[in-house]
Amino acid sequence: MKTVGYAAHSADSALVPYHFERRDLRANDVAIEILYSGVCHSDLHTVNGDWGPQPYPLVPGHEIVGVVKSVGADVKNYKVGDHVAVGCMVDSCQECDQCHHHEEQYCRNGMTGTYGAPDRQTGDITQGGYSKHIVVREEFVLRIPDNMDISKAAPILCAGITTFSPLRTWNVTKGTRVGVIGLGGLGHMAVKLAHAMGAEVTAISRSKNKEKEAIAMGAKGILASTDADAMAAAANAFDIIIDTVPVKHDVTMYAPLLDVDGTIVIVGQVGPLEEPLTLPLILGRRRIAGSLIGGIKETQEVLDFCAEHNVYPDCEMIKMEDINSAFERLAQGDLAHRFVIDMSSLSAE
Ligand code: NAP
Ligand code: ZN
């Protein structure tokens with residue numbers, strides 16, 4: 001199937017229109033017309049080559065919402081016209097213990113990313129959601145709950161699941177004291193999801209600039225990480241902290257904020273940190289952990305959770321042609337929400 005998207009052709013060039021083919025439907029494939037596509041900081045890291053050389057031309061995008069256009073002969077759970085979604089993965093081995101435990105993101109044989117990864121059968125490079133269409137095997141397609149506003153759902157597919165998964169893994173519930181470092185795309189979803197779970201949530205931001213937004217999301221307020229007195233006064237104040245900072249940073253300054261047995265879960269920076277000091281870890285049996293997106297079953301759970309609790313990302317709708325200026329804004333790190341591309345702004349021609 002012919003389609004069009006926006007692709008990066010090198011680490012330092014802007015995204016430009018790109019015509020390419022989606023594969024012919026395999027028996028278990030679902031062909032989707034993409035209606036909305038969220039803009040994740042990972043898209044920016046990837047096209048910039050922050051995570052190593054990329055197989056350009058590359059169409060990013062892994063927060064995908066659309067409508068089913070056709071299905072392969074063996075597809076059981078989706079039919080033409082259904083509203084569906086695709087997140088950060090489009091395949092995995094389906095045979096290892098991790099896949100059997102519904103944690104395909106930790107597939108022993110490596111999951112297949114939605115873009116920039118070799119297809120398991122042909123070796124062709126996968127292309128993501130900044131495009132009109134995508135073809136994905138049924139097992140990696142999510143269902144949009146009936147009562148959900150599809151125009152606001154896309155960021156749940158990465159920002160939502162990436163924060164929901166650690167909140168669930170660390171048993172966040174009524175009264176859990178949750179800190180969220182970085183109030184961007186992931187951070188604002190972490191605040192909303194933890195609040196909906198009944199937690200007491202504080203956003204830990206570089207300044208108080210986003211406090212009004214943070215309170216509207218359900219946070220008690222902002223702890224400014226640049227305010228040494230406020231940071232000292234907040235010692236031992238959290239059971240869990242979700243760290244979404246997208247660059248190399250100093251985790252040691254946040255560790256004393258944890259109570260005994262507390263955990264900082266890093267979901268942001270993929271790469272080196274400032275050298276951590278063991279003292280606050282040893283003095284409070286505190287832990288530093290990491291977490292990668294979430295499995296397909298859990299991604300369906302977060303969609304259903306958001307529909308049930310009326311949790312929606314704050315979306316700023318953009319046109320496809322505005323993606324390069326959106327990337328510039330994202331790089332500045334001043335957003336407290338997510339850009340979402342309205343794919344109707346991209347002509348299929
Ligand atoms: P984002 O929208 O840009 O938000 C990041 C936030 O971090 C900013 O809003 C800012 O919040 C804070 N920040 C930015 N620059 C900073 C700096 N130099 N020092 C300290 N804080 C800074 O990004 P995002 O889309 O939420 O993604 C965040 C990170 O998560 C990215 O690195 C992305 O690749 C990664 N990610 C990981 C996974 C996973 O599975 N683990 C999944 C998706 C994304 P304040 O202004 O409030 O300080
Ligand atoms: Zn993402």
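Helix packing and ligand contacts in a predicted model

User: In this predicted model, at what angle do helix α3 (residues 159-169) and helix α4 (residues 185-196) pack, and are they oblique or roughly perpendicular to each other?
Analyst: The axes of helix α3 (residues 159-169) and helix α4 (residues 185-196) lie 8 Å apart, and the helices pack at an angle of about 50°. Angles of 65 to 115 degrees count as roughly perpendicular and those under 35 degrees as roughly parallel. The pair α3 and α4 is therefore oblique.

User: Which residues of α4 does α3 meet, and how many charged residues does the contact have?
Analyst: From α3, the residues are Ala159, Gly160, Thr162, Thr163, Phe164 and Leu167, and they meet Gly185, Leu186, Met189, Ala190, Leu193 and Ala194 of α4. By class, this contact of α3 with α4 has 8 nonpolar and 4 polar residues, and the number of charged residues is none.

User: How is α3 oriented to helix α8 (residues 296-309)?
Analyst: The axes of α3 and α8 cross at roughly 100° and come within 10 Å. Angles from 65 to 115 degrees count as roughly perpendicular. So α3 is, relative to α8, roughly perpendicular.

User: Which residue has a polar side-chain atom 2.5 Å from an oxygen atom of ligand 1?
Analyst: Ligand 1 is surrounded by 28 residues, and the closest are His41, Ser205, Lys210, Val267 and Arg338. A polar backbone atom of Gly185 is 2.8 Å from an oxygen atom of ligand 1, and for a polar backbone atom of Leu335 the distance is 3.5 Å. The side-chain atom at 2.5 Å belongs to Ser205.

Note on methods. Residues numbered from 1 in each chain as written. Chains lettered and ligands numbered in written order. Predicted model: local features only at pLDDT ≥ 70, side-chain atom pairs only at ≥ 80, totals over all residues. Heavy atoms only, no water. Axes fitted to C-alpha atoms, helices over the stretch in contact; angles between N-to-C directions. Helix = DSSP H or I, 4+ residues; strand = E, 2+ residues; numbered from the N terminus. Parallel < 35°, antiparallel > 145°, perpendicular 65-115°, else oblique. Contact = heavy atoms within 4.5 Å. Nonpolar A, V, L, I, M, F, W, Y, C, P; charged D, E, K, R; others polar. Near = heavy atom within 4 Å. Polar contact = N/O pair within 3.5 Å; in protein donor to acceptor, adjacent residues only side chain to side chain.
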